[in-house]
Number of protein chains: 2
Amino acid sequence: MKQIQALLFDVFGTVVDWRTSIIDEGRVINQQQGLEVDWAEFADAWRAMYQPSMEKVRTGKRPWTILDHLHRESLDKLLIDYGISNWSEEQIEYLNRAWHRLKPWSDAVEGLTRLKRKFIIATCSNGNVALIVNMAKHSGLPWDMVLGAEVTRHYKPQDEAYLESARMLGLDPEHCCMVAAHNSDLVAASRNGMQTAFVARPTEYGPNQDKDFSAENEYTHVARSFLDLADQMGCPP
Amino acid sequence: MKQIQALLFDVFGTVVDWRTSIIDEGRVINQQQGLEVDWAEFADAWRAMYQPSMEKVRTGKRPWTILDHLHRESLDKLLIDYGISNWSEEQIEYLNRAWHRLKPWSDAVEGLTRLKRKFIIATCSNGNVALIVNMAKHSGLPWDMVLGAEVTRHYKPQDEAYLESARMLGLDPEHCCMVAAHNSDLVAASRNGMQTAFVARPTEYGPNQDKDFSAENEYTHVARSFLDLADQMGCPP
């Protein structure tokens, strides 16, 4: 096993609790506007449009498009479905940027801070650069670098998203370890030569979660949290 | 004047003292190998090949090539000029990566740490991602993001290096401020709509420095150091 020099992190679900964050922002909107939207349902519906929207880019049916734009297109459709037609452009864009304000799981900032002392810690997410940078500023996520979709112009799990991210760090994939709460992401990273770390996030999808409760393959590390991962990787408090 | 949201930093000369750093590494090599190379001359000769090497990429005479490779090609030529023919690949590559270990000016880390509390701080350098990330890890430079040449595939002062860097942050150029010790860099940033901050580094080029002693144009800020810049921009200690 090669020595790990960089950790590449999936973000949505692995580092931040997107579902609770969107629900919390939505409930504030309900209060402010006297709405009765079911924001758990809304968040799930919005997220359900995520993979299909990226798939059009992956397959070349549309040119490179950043996630902020895909999120906005999905949101515009959802607002119609929910009968919300009186919002200003500013209000719609504010909700779209809720993805820039997602809150980290409680162990994320401390775990990353510990891991950063020994390793390069970079994102390898499908989020665009502004989304990930703003999220980091909002919550104190101490990334060394934002890699992944926008800088490689490929959405995971396409090989280029992993290979080009490693290449930009000047590293062979074998010296990188992908960290994710999703088995499929780690399978793709492993296929491209990376080491892998699984951290379960069993409440990511709320009561309807039906996968990714545990490591379904052999990974380099399997951890209960980022703190446990830091312990395993020799980064004590 | 629009509100500044992100500061984009030139790196070589503005944040780090490349000349002294290369000289210091070279003198260690002299001691280790019993050589008598004039490393001040060597450093200046290496840097003199920097702009011509990038110009071939800018003009399309060669495809996109990262700075690590350009530095290495220049180094290979210099080693011939200096009659050094007995080094291993590992020794040559170690010296080439001296650019990954350049030391910051004494005010840089503290100034950046203060500025980071209020602004996004990103690099907009001609250095490739690995070079800038490794330098940051080596010296504790607290960048939020590495932008500039490699992620935009354009070398400054080409417009795209500035415009694409701002675009990746989701910002209009007017909300970005380029920080540099070089008048030519700020002229190009300003031409592309950015605000500008000049920080003089009058010893960057050693005793032969013949330019950039002072601000030669109107800039948004003119500061004596990153600490002075932090004071001017409302980021107290």
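Reader: Is Tyr205(A) buried, partly exposed or exposed?

Author: Count neighbours first. This is a predicted model. A residue is buried if 20 or more other C-beta atoms lie within 10 Å of its own, and exposed if 12 or fewer. Tyr205(A) has 17 other C-beta atoms within 10 Å, so Tyr205(A) is partly exposed.

Reader: Where is the place of Tyr205(A)?

Author: Look at the elements on either side. Tyr205(A) sits in the loop between β5 (195-199) and β6 (221-223) of chain A. Sequence and space can both be read here. Tyr205(A) and Met233(A) are 28 residues apart in sequence, and their C-alpha atoms are 28 Å apart in space.

Reader: Now chain B. In what order do the six strands of the open sheet stand?

Author: The order in chain B is β3-β2-β1-β4-β5-β6, with parallel pairing. β3 (145-148) and β6 (221-223) of chain B stand at the edges. Each has a single partner strand, so one side of each lacks a neighbour in the sheet. On average, neighbouring strands are turned by 25 degrees against each other, direction ignored.

Reader: How many bridges join β2 and β3(B)?

Author: Strand β2 (residues 120-125) of chain B pairs with β3(B) over four bridges, in the parallel sense. For one position, take Ala122(B): opposite it stands Met145(B) in β3(B).

Reader: Which residues of helix α9 of chain B are buried?

Author: Ala161(B), Tyr162(B), Ser165(B), Ala166(B) and Met168(B) are buried in α9 (residues 159-168). Then look down the helix axis. The buried residues of α9(B) fall within an arc of 160 degrees, so they line one face of the helix. Just after α9(B), Gly170(B) takes a positive phi of about 70 degrees.

Reader: How are the two copies of the chain related?

Author: Start with the general idea. Two copies of a chain are related by a rotation about an axis and a shift along it. The same surface serves both: 100% of the contact residues of chain B recur in chain A.

Reader: How many residues does the contact take from each chain?

Author: It takes 14 residues from chain B and 14 residues from chain A. On the chain B side, α7 (129-139), β3 and α8 (149-152) each supply at least two residues. The most come from α7(B), with five residues. By type, the chain B side divides into ten nonpolar, one polar and three charged residues.

Conventions:
Residues numbered from 1 in each chain as written. Chains lettered and ligands numbered in written order. Predicted model: local features only at pLDDT ≥ 70, side-chain atom pairs only at ≥ 80, totals over all residues. Contact = placed C-beta atoms within 7 Å. Pairing = 2+ DSSP bridges. Axes fitted to C-alpha atoms, helices over the stretch in contact; angles between N-to-C directions. Nonpolar A, V, L, I, M, F, W, Y, C, P; charged D, E, K, R; others polar. Arc of directions from axis to C-beta.
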